[in-house]
Amino acid sequence: MSNAVPPSTSVIATSAAADEQPTGVGALRYLLVKLGGAAISMAMVILLGFFAFKILPGDPVASVARERGMSAEQAEQLREQLGLNKPLWQQFFDYLGNVFTGNFGTSYVYRTSVAELIGDYFWNTILLTGTAAIIAIALGLWLGQKAAWKHGSTFDKIASGTSLVFWSVPTFWLALLLLMVFGGTLHWFPTGGMVSPNPPTDPIGVVLDVVSHMVLPVVTMVAVVYAQYLMVMRSSLLEEMGADYLTTARAKGLREDLVRRRHAVPNALLPTVTLVFMHIGGLIAGAVTVETVFSWPGLGKLTFEAISGPDLPLLQGTFVVFSAIIIVMNLIADLIYRQLDPRVRRA
Amino acid sequence: MRLAPRSRTVRSLAAAAIASALLISAPVSAQARTVSAATESPAPDTTLRIATSGFVDTFNPFISIYLAPTNVIRYVYESLVQNDAEDGSPTKGLADSWDVTDGGQTWTFTLQDGLEWSDGEPITSADVKYTYEQMMTVPALGTANGNLVSNFESIDAPDEKTVVINLKTPQAPNPGSEIPVVPKHIWEAVDDPTTFANDTDVVGSGPFVLESYAANQSIVLKANETFWRGAPKIDRIQYVYYTNSDAQVQALKAGDVDLVTGLTPTQFDALEGVDGITTHSGEGRRYHSISINVGQQTRDNVPYGTGSEALKDVEVRQALRLGTDTKTLLDKVLAGEGVQATSFIPSSFPKWHLSDEDDVIVGFDPEAAKAKLDDAGWVPGADGIREKDGARLTLRLLTDAEDVNEQSIADFFVPWMKDIGIEITVESTDSDTISAKAVSGDYDLYFSGWSVNPDPDYQLGINTCTNLPTATDGTGGTTQDGYCNPEFDEMYAEQRSEIDPEKRQEIVHDMLALNYEDTAQVATWYANSLEAYRSDRFTGFTLQPKETGIIANQAGYWGYLTVEPVEGATAGGTGTNTGLIIGGIVVGVVLIGGVVFFLIRRRNIADVE
């Protein structure tokens with residue numbers, strides 16, 4: 001049936017189709033501008049990735065050899081192994097060459113390739129934050145639209161209120177609290193890591209083992225971030241609620257929840273999409289705290305340890321990777337938003 | 001009508017999902033039980049699980065410099081001479097006995113009979129010769145322990161059981177200790193020993209050998225059945241990674257791990273009296289001090305740095321000591337978990353430690369401190385801060401903003417100093433800035449400390465003039481406090497070649513007393529190492545030193561060598577089963593929820609159409 005498509009979209013789509021010609025050029029320019037912006041940001045990140053970590057005080061060799069009682073010859077040996085005896089400009093070109101070949105040199109601490117380390121940890125972070133992101137987005141959007149539809153109701157007050165409370169709770173504190181109660185005292189969930197010290201060997205056991213390790217960190221992350229999705233969905237739907245097309249839909253005799261789900265919500269989703277993509281980048285970067293508390297072997301924990309090292313090549317690597325994720329996510333948000341919202345296309 | 005078959009598919013899918021979700025939770029516990037029962041010998045209750053957050057660079061004993069792998073290497077490779085559990089003095093290792101000739105310049109070791117590598121190959125003098133010569137000839141293989149062989153001239157292996165170390169100069173510290181000996185037949189076959197990770201199929205000679213390693217997740221050691229002192233009483237040691245130390249405490253409480261080390265006093269107190277857990281406060285091998293800038297200079301006496309002129313006067317430095325109440329610091333800052341310090345050799349090495357009874361030791365005495373400052377010509381000004389030739393007695397103290405102890409010490413230290421007429425300005429910064437400033441001599445006072453080995457030679461050596469930096473940026477040498485006293489250097493040379501242990505002990509005490517009087521530092525305490533373990537599961541740890549010492553981080557392999565499972569102890573980690581069950585429930589709920597969602601959705605769409 002034709003009314004499955006919200007009328008508003010079809011109306012705007014037709015009018016957009018009317019100025020096909022300028023849109024094509026506009027689209028290309030829009031794409032180039034956004035891509036160019038992303039490329040410049042990335043270049044800045046790469047430059048900063050080198051110089052910011054070079055001007056930090058302290059001698060990497062001294063830190064690595066801390067309390068080790070090394071002779072001057074041994075320290076020199078180590079300096080050579082780490083490539084620190086080369087002049088700064090040469091180190092910079094080595095670094096540039098490395099970055100463009102997807103390599104970040106050798107970690108001071110782990111003595112293995114930074115790219116490999118990041119590769120190993122990357123998917124663990126994606127698993128954890130991805131799960132948390134999906135749950136937080138689903139929960140936030142679902143509660144958000146419900147709250148908006150019944151705005152002012154007790155449901156609205158409770159849903160918005162609790163989400164804001166969780167949002168303002170320090171992540172570290174909430175994570176530790178969950179760890180102490182459900183890990184240490186009740187022992188319902190493991191106290192850390194991604195797999196048990198003696199993991200099961202059968203496939204189902206392995207999956208369940210990882211899931212049980214994921215519960216506490218995921219709950220922490222969801223609790224802390226779902227409020228932002230809830231609030232944006234809520235306010236965005238509130239704006240739609242007075243719109244004429246909803247009256248039309250109701251006039252057609254559609255049930256109230258269908259009016260909401262099939263007509264109001266899709267339109268209210270537009271601003272939310274941008275937000276979601278922008279926050280996925282932030283969520284991954286925000287994994288540092290949660291991964292550190294729950295000893296989850298991901299990029300966040302790797303970064304935390306690189307800081308305590310300090311392991312400069314590894315820090316450069318995680319810095320560039322985190323920044324790249326955020327830049328790419330913002331770029332995707334821009335492009336998708338343009339695709340979804342014709343008003344941006346015409347502008 | 002077309003809809004009907006589709007919704008039937010959905011419904012049967014749902015049924016299948018619910019059924020499987022229910023099935024999942026049932027076999028979980030059964031399966032978890034099989035893990036403990038089915039595996040042949042290594043039942044989980046003979047695996048000692050230790051919480052760690054330590055960095056691992058590599059398990060290659062030639063180049064590994066971090067604490068965690070170095071500790072593992074101690075368990076994997078026996079050295080020629082071992083540090084005794086009693087007091088760290090040299091005792092049997094691979095070598096049964098040793099002879100010192102040429103006034104300490106030639107050391108001849110005789111290996112024990114019938115020694116075997118963990119793969120069954122015999123251990124011979126060729127292995128020792130190979131190991132030492134690699135370190136002496138390949139610079140990259142000297143990264144970890146190069147300083148221990150720097151005095152080695154050559155190594156002879158006249159027969160399978162004899163190793164002769166020819167030294168450049170006579171030395172009293174046993175040259176066979178602290179160097180892990182690797183199997184020649186394995187390492188010779190390695191293409192590039194300098195990059196060899198050595199983390200799988202390791203062949204060793206210590207009580208345990210490395211079985212597996214997963215970066216940042218776990219390190220597993222298994223018992224070496226052919227270890228010469230006899231196989232350990234547990235099957236495995238597993239280091240489990242916890243980034244956060246509070247998480248480690250929770251893991252111990254939950255029974256996820258059996259041993260936790262490096263606790264803070266607060267964590268330690270919280271674990272006291274917990275069922276099944278025993279806390280242990282052991283004398284550590286680390287000293288803590290307030291390092292004083294005595295006037296940094298290079299080996300060629302070129303001064304550098306920004307140290308206060310006042311501190312070049314020994315009387316001012318002694319006044320700092322007299323005005324510092326280390327007893328109060330120990331009690332209030334460290335909650336008494338430690339020993340009041342005298343010098344930079346901790347009391348856990350009683351043979352070398354400078355006794356509290358020594359004549360030079362002074363107590364907390366602000367009046368005497370004031371008298372010293374008076375003698376030095378510093379007279380109190382209008383506000384009580386002393387002055388001399390128009391200069392105020394103001395000193396900078398660097399503190400690490402992240403170190404709670406340093407902040408607390410400063411809170412006591414500043415008023416104490418004000419009391420005797422010294423103004424202290426506290427500069428709170430980060431640890432990297434502090435180490436950079438310490439190297440370049442850009443400080444008056446900062447908090448310092450080292451972990452000390454059973455033989456004091458190294459620690460004494462870095463207090464000699466010959467170890468001062470070569471450049472005015474503070475590089476080119478390792479110095480503990482920038483200390484330089486020719487008299488101390490003379491005694492250092494003397495003790496290094498004094499083969500008679502008692503005479504050597506006496507010289508070392510004299511050196512520490514001299515350093516104490518010169519006051520290049522005020523040693524505050526030897527902090528105890530706070531540990532806790534599941535005493536309902538394990539017992540029989542050997543401490544080092546034997547009476548008051550520590551379990552983990554020993555200068556030896558005694559701690560886990562003798563540990564044994566408590567009889568009738570249940571396998572730990574029952575909660576992991578709970579976790580698995582709940583994991584199953586979570587998966588089940590997600591599946592059911594998903595199916596229900598799609599069912600409802602289908603129905604609604606059907607409604608619209």
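When we compare directions, angles under 35 degrees count as roughly parallel, over 145 as roughly antiparallel, 65 to 115 as roughly perpendicular, and the rest as oblique.

Quick housekeeping. This is a predicted model, where local features need pLDDT of at least 70 and side-chain atom pairs count only at pLDDT 80 or more, while totals for chains, interfaces and linings use all residues. Residues are numbered from 1 along each chain as its sequence is written, chains are lettered from A and ligands numbered from 1 in the order in which they are written, and side-chain values use heavy atoms, with hydrogens and water left out.

Okay, helices. By helix I mean a DSSP run of H or I with at least four residues, and by strand a run of E with at least two, numbered from the N terminus. Chain B has 16 helices and 23 strands. Look at helix H7 (residues 314-322) and helix H14 (residues 501-518) of chain B: their axes come within 8 Å and cross at roughly 95°. Axes here are lines fitted to C-alpha atoms, for helices over the stretch in contact, and angles run from 0 to 180 degrees between N-to-C directions. So H7(B) and H14(B) are roughly perpendicular to each other.

Who touches whom there? Contact means heavy atoms within 4.5 Å. From H7(B), Val314(B), Arg317(B), Gln318(B) and Arg321(B) meet Tyr516(B), Glu517(B) and Asp518(B) of H14(B). Two of those names come back together: Arg321(B) lies over the face of Tyr516(B), at 3.6 Å from the ring centre. We say a charge sits over a ring if NZ of Lys or CZ of Arg is within 6 Å of the ring centre and within 35 degrees of the ring normal. Chain A has an example too, with the charged end of Lys150(A) over the ring of Phe155(A), 5.3 Å from its centre.

Now, rings with rings. Rings of Phe, Tyr and Trp (its six-membered ring) pair if their centres lie within 6.5 Å; planes under 30 degrees apart are stacked, over 60 edge-to-face, and the rest tilted. Over all chains, the structure holds 26 aromatic pairs. Take Phe59(B) and Tyr213(B): the centres are 5.0 Å apart and the planes stand at 80°, so this pair is edge-to-face. Phe59(B) sits in the loop between strand S1 (47-52) and helix H2 (67-76) of chain B, and Tyr213(B) in strand S8 (residues 208-214) of chain B, so the pair ties together parts 154 residues apart in sequence.

Is Phe59(B) buried or exposed? It counts as buried, at 3% relative accessibility; the cut-offs are under 20% relative accessible area for buried, over 50% for exposed, and partly exposed in between (1.4 Å probe, protein chains only).

Then there's a stacked pair, Tyr75(B) and Tyr560(B), with 5.1 Å centre to centre and 20° between the planes. Tyr75(B) is in helix H2 and Tyr560(B) in helix H15 (residues 558-561) of chain B, 485 residues apart. Both tyrosines, Tyr75(B) and Tyr560(B), are buried. Over in chain A, Phe50(A), Phe51(A), Phe92(A), Phe93(A) and Tyr95(A) form one aromatic cluster.

On to sheets. Two strands pair if DSSP finds at least two bridges between them. In chain B, four strands make an open antiparallel sheet in the order S4-S5-S7-S6. Strand S4 (95-101) and strand S6 (152-159) are the edges, each pairing on one side only, and the twist averages 20° from one strand to the next. S6(B) and strand S7 (residues 162-167) of chain B share five antiparallel bridges, with Asp156(B) opposite Val164(B) in S7(B). Helix H3 (residues 125-137) of chain B packs on this sheet, touching strand S5 (106-111), S6 and S7, and its direction makes about 160° with that of S6(B).

Last stop, strand S1(B). How many of its six residues are buried? Six of six. Thr47(B), Arg49(B) and Ala51(B) point one way, while Leu48(B), Ile50(B) and Thr52(B) point the other. In a regular strand, side chains alternate between the two faces of the sheet. S1(B) runs parallel to strand S10 (residues 236-241) of chain B, joined by six bridges, and Thr47(B) has Arg236(B) as its bridge partner in S10(B).

Zooming out, 53% of the 609 residues in chain B are buried. That's my tour, thanks!
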